[in-house]
Structures are given as structure tokens and as C-alpha cells.
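Hi,

Here is the structure I promised to pass on. Have a look at it first, and then read my notes below.

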Amino acid sequence: MELLREFVRSLTQMPQSYVNVYMAFLRYAAPMLALVLLLRCAVPLLSFRREPEIWAWLCVRGGEKLPITHWENVIGRSKLSDIVISLSTVSRNHAVLTRYDDGSWTISDTASSGGVRVNGRKVSICALEPEDVISIGGLEMTLEPISRQQEQRLAQLRTKAASVWSSLGNVLLLSIFQFLIAVSYAMAGVEKTGTVLMGFAGIFLCQWVLLFFYCCIRRTSFEVETVAFFLCTMGMAVIAATVPEEAIKQLIAMILGVAVFLGAGWSLRDLERAKKIRYLAAIAGIGFLLITLVFGVTYNGARNWLRIGSLSIQPSELTKVCFVFVGASTMDRIMNKRNLILFIAYSALLCVCLAIMNDFGTALIFFCAFLIVAYLRSGSIGTIALAISSLVFAGVVAVRIAPHALRRFAIWRHIWEDTMDAGYQQTQALMCMASGGFFGLGPGKGWMKYLFASESDMVFATVTEEWGLVMAVLTVLAVVALALFALRSAAVSRSGFYTIGACTAAGILLIQVILNALGTVDIVPLTGVTFPFLSNGGSSMICTWGLLAFVKAADTRQNASFAVPLRRKRRDEDE
């Protein structure tokens, strides 16, 4: 501790000429380091070879063999089905063929007109053996799963993740970036310098411990996590300039977020376990909101906060993770009308709670997430039902919009007409962003810190003013890269649970970025939504790390995700 104090003292007492040279160097070096770091992370995420994995074959009488490339496959006449059978006797979505973690298979009827028969017996759901004869719309076929040797070979042929050395290089580059930024705020003489440096040191330590843990469990891909830690670093920089006394609190929230990230990843590792946790998540998600309705306090017009002593939490943020668990249902349940109705009712109940709480920003995010799930679950009756419920969802939100939200809509695109009242915050933010230019004014030299919510709702403007437009755009592109990675992974994802979970989670992160960044510059109404990983707020930080687990779980590259079990060792292969 004494060594840290001595280091801080030496930085604060450095001659001003040296400080000026260092700050001038950092204005250009920091964006360049960030650009190189994001390129090193984004290129592997967006350029990996998306080869389909064949898990079994459907052998049709007559010699034709249809490949099964997912763990959940819709069989039907629709062109959107995974296995298309162009017969008039086959329904649009006739049946679902499902593989489980232990290698077993089942087939289930989706209330089709012709039904499903196995060995001549009509079934609603049935476990399959290799010799069983499946009849769908009069077409007979048998299932031929791949052998254990073929499965092991399939694991070997998957695209390899980044090497350990590549991940080490990325984290080393990020560490240099963090050190340079931490030193700059010490030189700038920000308040609570020791606390700020401990915040940066905590991020530094956390990322290296997590990387070491990955090496111990033989996982080499660290690009997704590196992007998240980069955004957390920029968030800590914002806190150093605006509310330095909250650096440790945000660091603790990040550590808890990483713990949630690992815990969610563990639950997603076993698909059957994830299905069971989904029901607990559904109860927890609505429970968080109901508790807030009863015991919550109003802040900025929305009753969405709980206070426990000096601690304030926003339970609706945690509900986002629960909602993704509920929405990421497996295909056999998606095609079940009863489960569709239950999901619609669950979404509507969340909508009602958020409407009563006047939490318009979160309600909008849930609505967008609901539409993503609706699209990914598309299929005749389900599409119609979800589309209708979407309209009801939007209607309830529109009717119950809080007065403060209405004022934000009223001032939208008219902020310069009322620069001293309703438009004050955004006009000041725009002027601060303009003063920052491409490379910023430098750490601690901005004026945004005097504005309300400069470290949360207006964080994009704070980054732009102090670090420049280039750095601010890079923070946006970092989240865009995660979203595109989730979208690319969906094409080869094994289970619909992982596909829907990853796309919905990434969609929530991207929607928050759009609402936060574009709301700040008055392109869309300002909704008070946080910027993932970047904004100050413990609940938001924990939530974003939890959502990141779904993106990570969809990664099927070899030795990439801890949610995907490693292939067996050589001695098991010989057996």
C-alpha cells in the first residue's frame, strides 16, 4: 500500500511539461491501441469458418439420406423448416426431432393434421432407436445417428479457437492500455486518485485471473471477454473523471458480474440443466419486479429501485437475464401451443409490471427482446400469436408512458428550442462532444462531469469529450462485433436454446447501445438506458455480464466456450 502511495505521489508531482507531453502522446496512442486490440478480437469472431455439424441422417425409403445438422430440427413442408418434406400430406411444421446431451433422440408431434407414427404406432413424443421406422405424412424413414468415433472426428474438425498465445497477447495489449489510462488520471490529479488506481488494478487482476482459469480448463478463446474488459476499462475511465469515489463499488459489481457470467455458463453447459433453471429464472424474473412494485422507491420518475441500507439496486436489470432464459426455449416446446400461450402471458405480465413502475426505457428493451424471440420462434400459429401479443405489449406501454418519458418525447428533435430547461442536458452534451473532436480533450479535462448522469445515461458524451469521437465509435463497434458474432454463430449453433439465447442477449446489448448513443445526440428520444459495460451502475454491470454468457455459450469453435464440453482424451477414443 505504501508503494502505491509513493507511486501516486511521484505521478502527481511530475513537472507539468512532462505531463503535457504524456497527455499529447496518449490522445493519439490510446485510440490506436484500442483499434488494434478490437481488430485482434473482432477478426477471429467474425471470420471463423461456419461449417455445419452433422449429428445424424434421416434415411428415407428409396435411398435418400437427409443430414441432421442441429440438436433440434423442425420437420415440415415449410421452406423455413430444418428438414423440408415437400408433400401435401405433411404439415408446414409437422414434427420436431430432438437430440439430447447423452446422444439419445426423440421425435414429437406438433399437433399436425396427419400425426407422427413410430413403428406403426401414433405418438405425441417418442424416444427413437436406430431401427425404428418413422412415418410422417405417409413418408417412412429411419434415423441413423453418427457413431462415437464420428462424433470425436467431428469435434476435431471444428474450427479451432484462437491460440493461448494470441489470447495472452490480447490481454497484454489491454493491460498496457489500462496502465496508460490509469497513469493519465493520476497525472491529471483527479480526486480519490488512490481509489481510481485500485479500480483499474482490480480490472487488470480480474482479467488475468480469468484467463489463467481458462487455461486451466483448456479453453483458449478470450476475445469476447477481452472486448468486455476493454469496455469496463473505458467505464472506469469515465468514473475516474466524474464520480471517482464510486470506482471500488463499480469494480465489485464487475467481479460479481464475472461470477454470474461463469455461473450462467456452467448452467448452459448441460442443456437439460439449463431447461430446469429456466423455470427458476421465470419465477425470479417476475419476482424481482413484484418486489420492486411493493418495496421500490421512485427515482427520476420511475419506481424501479430498491434500497437496502446504503445499497441501491435495479431489479429490472436482473430480469433481463431471466427473460432470456425463459425465451430461449427448445424447439419441441416452441411448437407447443400451451407453451406459446404461457410465454406470451409471461411477457405481458412483465409489461404490466414495468408499465406500473413507469420504467419506459426498460419496457422498450423488453419489447425489442420480445420481438427478437418472436422472430426466432417463427412458425405459422406461433408467428400470428406472437405478433398480436406484440401489439398488445406496445399498446400497454404506450398507454402507461410516464410523464417524464412524455416530456422526453416532446423535446425530441426540439432540444435547441429550450436550451435552458428540457433540452439543457442534451445541448450541453452535444457541445461537449464537439469540443472533444476526434481525439478528445484529455483525461480529467472535460466539462461533462458537471452534468447530471454524465457517467450513466450520458456516458457516450463523456467518452467523446475526454477521449474523442474515434474512441467513442470504437466502444460502439465493440458491442456491434459481439452482436455480429452471435448472429454468425446462430447458423451453426447446436441447439435452438443457444441460438435464441445468444441472439436475444446480443440484441439487448445492441439495442441499449443504440438507445444510449443515439439518444445522447438526439437522433432517437433519450430514454435513460445505460450503455453496456460502460455506464456506471452495479445492476447494469451484473446484467451485461450475465447476458454475455449466452453469447459465449453459442460459440462452437474447438476449445472456445466453457459451455461446450471438450472432446474426450485419446485413451477414451481408443476404447
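This is a predicted model: local features need pLDDT of at least 70, side-chain atom pairs count only at pLDDT 80 or more; totals for chains, interfaces and linings use all residues.

Helix 5 covers residues 193-216, and at 1.5 Å a residue its 24 residues should span 34 Å; the end C-alpha atoms are 35 Å apart, which agrees. Quite a few residues of helix 5 are buried, among them Thr193, Phe200, Cys206, Gln207 and Tyr214. After the helix comes Arg218, which has a positive phi, near 60 degrees.

Tyr214 also turns up in a cluster joined by ring pairs, together with Phe213, Phe222, Phe229, Phe261, Phe533 and Trp545.

How many aromatic pairs are there in the whole structure? The search finds 18. Take Phe229 and Trp545: their ring centres are 5.2 Å apart and their planes sit at 55 degrees, so this pair counts as tilted. Phe229 belongs to helix 6 (residues 223-242) and Trp545 to helix 18 (residues 538-553), so the pair ties together parts that are 316 residues apart in sequence. Both Phe229 and Trp545 are buried.

Another pair to look at is Phe325 with Phe550, which is edge-to-face, with 5.0 Å from centre to centre and 75 degrees between the planes. Here Phe325 comes from helix 9 (residues 315-327) and Phe550 from helix 18, so parts 225 residues apart in sequence are tied together. Phe325 and Phe550 are both buried too.

One last thing, this time with a charge: the charged end of Lys65 sits over the ring of Trp57, 5.2 Å from the ring centre.

Cheers

Methods. Residues are numbered from 1 along each chain as its sequence is written. Side-chain values use heavy atoms; hydrogens and water are left out. Rings of Phe, Tyr and Trp (its six-membered ring) pair if their centres lie within 6.5 Å; planes under 30 degrees apart count as stacked, over 60 as edge-to-face and the rest as tilted. Helices (H or I, at least four residues) and strands (E, at least two) are DSSP runs, numbered from the N terminus. Buried means under 20% relative accessible area, exposed over 50%, partly exposed in between (1.4 Å probe, protein chains only). A charge sits over a ring if NZ of Lys or CZ of Arg is within 6 Å of the ring centre and within 35 degrees of the ring normal. The expected span of a helix is 1.5 Å times one less than its number of residues.
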